[in-house]
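Trainee: I have a protein model open and would like to learn how to read it. Could we go through it together, one question at a time?

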Amino acid sequence: MLLSVHRGILKTAVHTLRISRGTAFSRLLSTNDGVHVGLVDAETIFALSSGHGRCGVAVVRVSGPASATALSCMTGLAHSLPPPRTALLRSITDPESKEVLDRGLVLWFPGPHSFTGEDSVEFHIHGGPAVITAVLQALGRVPGMRPADAGEFTRRAFQAGKLDLTEVEGLGDLIHAETEAQRRQALRQMSGELGRLYQDWSCKLKHCLAHVEAYIDFSEDELIEDCVLTQVDRSVLDLQAEIEQHLRDNRRGERLRSGVQVVIAGATNAGKSSLLNTLCQRPAAIVSPIAGTTRDIVEMALDIGGFPVLLSDTAGLRDSLDLVEKEGVRRARERVEQADLTLVVVDCAHVPSDAQQAAAFLQGQLRSVLPSQEQPVPQRCLLVLNKCDLLPEGESEKLDRELKRVCRLPAICLMSCHTNEGLQGFLTLLQNAIKTLCGNPLSGAPTLTQARHRAHLQQCVAALAQYHRYRDTDLALAAEGVRLALTSLGRITGRIGAEEILDIIFKDFCIGK
């Protein structure tokens, strides 16, 4: 009897603790998923949202509770505000001196139907520096207003629930996009596809966690069937496999966002710097007949077929007693190890005419350039046989035909940087290799674009493994694994525990965005 009473008291205490923990957890999810955290302060902010420098039209953005006051005292609309989201031509005046500063369009965006979720105003003024400065100084004299910090408008939009963190990052990537492929990927992420994928996974985990917690609390009362855990096991296993598949993306999204690292490497005097200059269409690197001219890394950012490329020319690979050249060779090998794609440049004059001997020679060239553990696969390496214009007539076509029959070599292109012979074929090969590395940003499931996404997803997978590890021995620890997985997903979208990463994300935004 006494044992039974103690057991009942203990069960009640544990149940109360779990309810308390569950209530706190539910409140946390509710706060982050439904009711978003309020703004840190209620100050009204303003900034130039268009680009700096002389332009036809500049946009000055205002957001916060004093937006209506700023609109009224800067445009003389004392009695009524303009219709929402309707452009109105007005004289823009200094609120103190009443001097006319400019004549332009004003737009009124009452909250919550605005970018930030707050009352907002936009002044579309002429883009001269004097006009912009005068309007910004006049706004600074309006009570309750201050200049915005970098990314503060977007941060307020996030805090108001207008955007999740993946959408915020997509917006930042769209602002900084320099190629078509980057624009497409950023626009897709900004539209919320990636966030919705992670939110769907979060919803599945919430159901799993609820079922496990219910089983822990009520299974002894026979209110929960044993098959509940079997369903959770299957759901967790399926979700873990789905996330692991998502992680096996060969870093396509991250590579597209930051640029494909393409490295030109090979022996001295093979024409590496000439190839760099040909691709850049300008003399970016010094070219001379003296072996070892290039000593350091020469980098150029290019747009190749709509994909961002960081092209690096490197020192010729050879043994040298010169300390400076030895350092250049060391840096070249280090850059090859970091490369997404290596262009191994070989002088055509050194290639044997016999196909089998040529294949063995080129294999040796690949081994001398590429890291020992790396296999020369087409996606990671292209063989560029340069100076084909120096071969006897007909030899270039013959060599090309013979080498294409050798299956042990990566894609080969014969070309001449001097005459541009074979250049178009090389550009086609290069573009296809880069496209393979980056993928199509518009097809398939949305891809990872940030290193932090990958880190949190890896933590999520590890937490789900904890569920499987303790499922049969300690169900409370197994449930904790699901909870940790849910938290890791929440950190990606900003639904849970996002504060520590906000500054890192928003600091890259420009003032006025």
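Trainee: In which helix does glutamine 363 lie?
Mentor: Before we answer, note that this is a predicted model, where local features need pLDDT of at least 70, side-chain atom pairs count only at pLDDT 80 or more, and totals for chains, interfaces and linings use all residues. Residues are numbered from 1 along each chain as its sequence is written, and side-chain values use heavy atoms, with hydrogens and water left out. Helices (H or I, at least four residues) and strands (E, at least two) are DSSP runs, numbered from the N terminus. By that numbering, glutamine 363 lies in helix H12, residues 355–369.

Trainee: Is glutamine 363 buried or exposed?
Mentor: Buried means under 20% relative accessible area, exposed over 50%, and partly exposed in between, using a 1.4 Å probe and protein chains only. The relative accessibility of glutamine 363 is 15%, so this residue counts as buried.

Trainee: Which residues does glutamine 363 touch, not counting those up to four places away in sequence?
Mentor: A contact here means heavy atoms within 4.5 Å. With the residues up to four places away set aside, the partners of glutamine 363 are Arg408 and Leu409.

Trainee: How many helices and strands are there in the protein, and what share of its residues is buried?
Mentor: Of the 513 residues, 48% count as buried. As for the elements, the protein has 17 helices and 12 strands.

Trainee: Which side chain makes a polar contact with the side chain of glutamate 299?
Mentor: Glutamate 299 lies in strand E8 and, with a relative accessible area of 39%, is partly exposed. Leaving aside neighbours within four places in sequence, glutamate 299 is in contact with Leu310, Leu311, Ser312 and Arg335. A polar contact is a pair of N or O atoms within 3.5 Å; within protein, one must be able to donate a hydrogen and the other to accept it, and residues adjacent in sequence count only if both atoms are side-chain atoms. The side chain that meets glutamate 299 in this way, at 2.6 Å, is that of arginine 335.

Trainee: What distance separates the C-alpha atoms of glutamate 299 and aspartate 313?
Mentor: Along the chain, glutamate 299 and aspartate 313 are 14 residues apart.

Trainee: With which side chain does the side chain of serine 320 make a polar contact?
Mentor: Serine 320 sits in the loop between strand E9 (307–313) and helix H11 (323–338), and its relative accessibility of 18% means that it counts as buried. Its side chain reaches the backbone nitrogen of aspartate 322 at 3.1 Å. The side-chain partner, at 3.0 Å, is glutamate 325.

Trainee: Are the rings of tyrosine 198 and tryptophan 201 stacked, edge-to-face or tilted?
Mentor: Rings of Phe, Tyr and Trp (its six-membered ring) pair if their centres lie within 6.5 Å; planes under 30 degrees apart count as stacked, over 60 as edge-to-face and the rest as tilted. By this rule the count comes to one aromatic pair. The centres of the tyrosine 198 and tryptophan 201 rings are 5.5 Å apart and the planes are at 45°, so the pair is tilted.

Trainee: Which peptide bond is cis, with omega near 5°?
Mentor: Look at the loop between strand E4 (100–109) and strand E5 (120–127), where proline 112 is found. The cis bond runs from glycine 111 to proline 112.

Trainee: What is the phi of glutamine 281?
Mentor: Glutamine 281 has its place in the loop between H10 and strand E8 (298–304). With a relative accessible area of 73%, glutamine 281 is exposed. Although this residue is not a glycine, its phi is positive, at about 60°.

Trainee: And what value is the phi of lysine 387 near?
Mentor: Lysine 387 is in the loop between strand E11 (381–386) and helix H13 (395–404), and is partly exposed at 23% relative accessible area. This residue other than glycine has a positive phi near 65°.
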